[in-house]
Amino acid sequence: MSPSYPFHHPYALSTVLGGKDLKVPSWRIPAGICVFINVDSRRRWKSAISVLSSQESAAWGDNVTLSSQASPAFSVEIRAFYEAGRMLGSGEVIGKLQLSWDDLLNHRDEPFDISFPPVRGVHPSLTLKVAVVHVCDDALSDSLVDCGIARDTDEGRAQFAKYVTSKTVSQLNTAVEHFQLVLDQCPVSHPDHAAALTNLAWARLKGYAQNDLQDIDGTTSLFREAFALRPQRHPDHPLSLYNLTEALNWRHNKESTAADIREAAQLHHELLPLCPEGTYLRSIVAGANGVDHVIGECDDLPIDASDEGICLRRVVLELCPLGHRHRPIALDNSAWALRSRFIQRGNIDDLDESIRFRREAVSLCPEGHTERAYYLNNLASSLQLRFDHQGKPNDFDEAISLYEEALRLCPVGHKYRATSLGNLGVALITRFNNRGDIDDMITRAISLYREGLTLCPPRHPHHDTMLHNLALALKTRYDKLDVSEDLNEAIDLYRESLGLMRLDDPERHVTLCNLSSALCFRFEHTRKNEDVEEAITLCQESLAALPSLHPDRYFSYIWLEDAYLSRYQILHDPADLSLAVENFRLASVHPTQGFPNRIRTALHWVAGVESHQHDSALEAYQVCLELFDSHVMTRSSIISRREAATAFRGAQSLPVDVASCAIRCDDLRWAVELMEQGHGQQWSLASRLKTPVEDLESANPKLARDYLELSKLISNAAQSSATITDRASADQAATKYRKLAEKWEAAVAEIRNLQAFSRFLLPPLYADLQAAARHGPVIILIASQYSCSAIIVPTSGDPHHVPLPSIALADLKTLKDRFTRAIRHASRMNPAETRTDLIVLLRIVWDEIMLPIVNVLKNVLKLKRRSRIWLCPTAAFTSVPLHAANPFQTKADRSKEPCLEDLYICSYTPTLSALIRSRQMMKKRKGKALSAVDSELELVHKLVPATANYTTISGDAATRAGALDGLEENTWVHLACHGKQDPAQPYNSHFVMRDEHLTLLDIMDRHIPHAEFAFLSACHTAVGDEETPDEVIHLATGLQFSGFKSVVGTLWGVDDAVAKHVVEAFYQFMFHPKEVGVMDPMKAAWALNCATHAVKSKVPLEQRMVFIHISV
């Protein structure tokens, strides 16, 4: 029985709290949901518009006061609206329900649900709450304006909703007619024009989806026009954006138009940020039929390496945030596109980014993931490609490890086994070419490829690739073992692979080149002219298929060069040699190929033209030097630069060989310039970042500041990168360094545009280098495989060439070994015994090396006795104690023939530029500090001027940090601790401190602003590097690089008991007279010369000649 209410309560306050299961009959996404309460035919109430949530619910909380006297019954409607701004029509009805006054009052003060007829199988519902009130706040308004546009719109929506449910085409046609009528009444200037366009377009799109209408292009144009009328910040902009994506998706689905799905991806990228979390629009856009569908379709598109294609991949990747199931494949597709663009254009940034993406993809597929092997293979492939381009051993070692792991994850029967076999095989061939381990590498590679070929039989899509790879392995083994069966099988396999490839196959040029190289090999063996003719034709065909900047044109050039050179060596036609040289040139300077390959080709060019005495030899050498300089500069740390410099067979002799070539061409000035450019390259590169810019600061202060700041940033980046062990972090650090280096190079280019700075940081000219001889001639000793000689750079005028016909490079290497044995033997002898072996060797040094030079100094340059000279040895000369050259002969009057140190005061310099730089930084100092470490301290303390501030670091204080602080704070340094040269890694050469070693790298990284003079009374402080002898990388030159203008070092082990006599005599001469107190490092060479003469009776020969002076 219904409760009754007193007559004095005629009003009910009804609150519309919310709705749920609000499905739209037409399946269209609404801009909002609204509730209507219709009291009679004239009066109705309308709620606010609520945005539909992802749960298909809405919330309002709106109030309406109703009177029981107004009408015994009323209706409630839920309507969907498709415009967030100005609305066209009354919306689409989701549900309508008749209610009585009692229906409301039965639920007084308690929320209750009212259920509507089902829509798409679910009953929409509203939640209401009713309270009885005594005052009527009449919120009812007149019905919506009843106009033709609104009526046609509402009728069109009603018919369209029926069509969606019944699939009756006549209802669709009726809906389209009504929407077209509305559009005809809403011209472009009408405020409802965009809404009218959208209604018509949506009906036509659904008809197209159901195959009831065909004009998708016209429909898409309607959506575009509506979208153009709703720019950003328009309330309907997001929904119009979504509608356009739907049209593009449907057209792509039916017509496979790649342009549509690419545009849809871009539009989704713009749309997602405009869809608030929790909204229905967001759930649709981000769901399976929205972003996920677009991503899946984009994943199926071919990899496109164009800028537009890579832009698409970036868009798709951004649509797949961390945690998205499609992120690994989106990363991989982006990596493929970037890798492909790198292959086409050679920009290393693309390859680095590709590797970064692939590292992340691997990290998202841990152990047990079904696709881990796939992503491991792809990462390894990119790392191997970067190794081919840059030559970093870590990349290749990591690639091999990843390939091995991938193959372990692909047992027999696995879908990726053939791929893993092929990839590991290529890597093993590369390792074999670099290391030459036949059994462990090339034989295994051939075995892997034969298995792979069985997994890819004829008509398999990868059959041609397996044929090609097996051919490559067999050709590689033939190149090392000369088994003709391998070569013939390789040629047959290449031909079979080529026959299976389409003419437009993007990899066809690779097979053409490799077949060409195999035919060249066979021509060299059989001398059948048809083989070399075909080889040339194949290379020319591969060139014709590639654009001018494609990196693989390099390979066409080198095999074309090989073909012409092979034919020249047999037929001796000069035209073939000229063509070979031209292709050497093209390959060496091809801008999009990596430096390692170009360097190898340039070295091959050098060897070829030296062998055949072609006039392009100097050009080839110069290209080599420039490529080396550019390649080494790409490495961020000093150690990695040395690794890069030692990675090429035969490159160690490049500086001396180019100088020898220039000498043979009678161009001594150029010989000096080229020698300086190649000699001491490590120091030259490092010193670039420490070049003084006082003149530039005066001419252009801002440019100077920018340059100094970039130099500092690069230096810091280089230091930090040296400590990174994580591979991904190392990649990021290398990329950061390269970006900084590019900015630094741009700043240098801008500086060179200034008239007075056109040669800023360029290799110095002879006129600049001659400044090194300002205080005495510099003798450059050149030990080349082609000739040994010296060039004397005088104080003024042209250089002088001194041939050394009595000695060859092999003799110098023998001499080095004999000195090592003689010094070792002398160290075990009684001090009073005659050092016969050493005397014999020093006499050879005098007769065959220094005497011809002394003759020019005396007779041509008229150099006075006791003048300063500087020795600049290269290659094998760095291992010979040139300063100790002595005839050990007695004249007729029983006086001794003068030795080199009797005639001149000798110093060494690693390069002419280093000597110039030290002089430029030279200042006389009076009474500044002297720091000494450990032994000999009291002796040194007694001998230095009283005006000098003196710091002692000994005992527990003799730590690495204490020594570094002493170097930084003091002007003069005396180090008497043990020192050791590291022949394998000279930057790890060190002084032995109390706690840990003080390495050469530690010293080079430290800013030492006050440095003037250093005495290194320690073992092996001036012994060079066996791998890069022209770099003269040792502790003494490291201190010179760090700012010390004058350094005394040692060539081998020092006997502390006798060395103190040299130290004492040195400081006595250095500070004589002691009372003056002037500490002049320019006296060091003279003081050492006098000291070694003064202690002849106390110190044996090997302990006198162990000390050398370096620099000013």
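Guide: Before we start, a helix axis here is a line fitted to C-alpha atoms over the stretch in contact, and angles between axes run from 0 to 180 degrees between N-to-C directions. The model is predicted, so local features need pLDDT of at least 70 and side-chain atom pairs count only at pLDDT 80 or more, while totals for chains, interfaces and linings use all residues. Residues are numbered from 1 along each chain as its sequence is written, and side-chain values use heavy atoms, with hydrogens and water left out.

Visitor: How many helices and strands does the protein have?

Guide: Helices (H or I, at least four residues) and strands (E, at least two) are DSSP runs, numbered from the N terminus. Counted in this way, the protein has 43 helices and 25 strands.

Visitor: Are helices H3 and H4 roughly parallel or roughly antiparallel to each other?

Guide: Helix H3, residues 169-185, and helix H4, residues 193-209, pack with their axes 9 Å apart and at an angle of about 160 degrees. Angles under 35 degrees count as roughly parallel, over 145 as roughly antiparallel, 65 to 115 as roughly perpendicular and the rest as oblique. The relation of H3 to H4 is therefore roughly antiparallel.

Visitor: Is the crossing of H3 and H4 left-handed or right-handed?

Guide: A crossing is called left-handed if the near helix is turned anticlockwise from the far one by less than a right angle, and right-handed if clockwise. By that rule, the crossing of H3 and H4 is left-handed.

Visitor: How many nonpolar, polar and charged residues are in the contact of H3 with H4?

Guide: Contact means heavy atoms within 4.5 Å, and the residues that meet include Leu172, Val176 and Phe179 in H3 and Leu197, Leu200 and Arg204 in H4. Ala, Val, Leu, Ile, Met, Phe, Trp, Tyr, Cys and Pro count as nonpolar, Asp, Glu, Lys and Arg as charged, and the others, Gly among them, as polar. Sorted by these classes, the contact of H3 with H4 has nine nonpolar, four polar and one charged residues.

Visitor: Is valine 778 buried or exposed?

Guide: Valine 778 lies in strand S10, which covers residues 778-783, and it touches, among others, Ile791, Val793, Trp870 and Leu912. Buried means under 20% relative accessible area, exposed over 50%, and partly exposed in between, using a 1.4 Å probe and protein chains only. Because its relative accessible area is 1%, valine 778 is buried.

Visitor: What is the relative accessible area of arginine 835?

Guide: Arginine 835 sits in the loop between helix H33 (809-827) and helix H34 (836-859). Leaving aside residues up to four places away in sequence, arginine 835 touches Ala826, Met829, Asn830, Pro1100, Leu1101 and Glu1102. Arginine 835 is buried, and its relative accessible area is 5%.

Visitor: In S22, which residue is the bridge partner of leucine 975?

Guide: Both faces of S22, residues 1013-1016, are covered, with Phe1013 and Phe1015 buried on one side and Ala1014 and Leu1016 buried on the other. The partner of leucine 975 in S22 is leucine 1016.

Notes:
Pairing = 2+ DSSP bridges.
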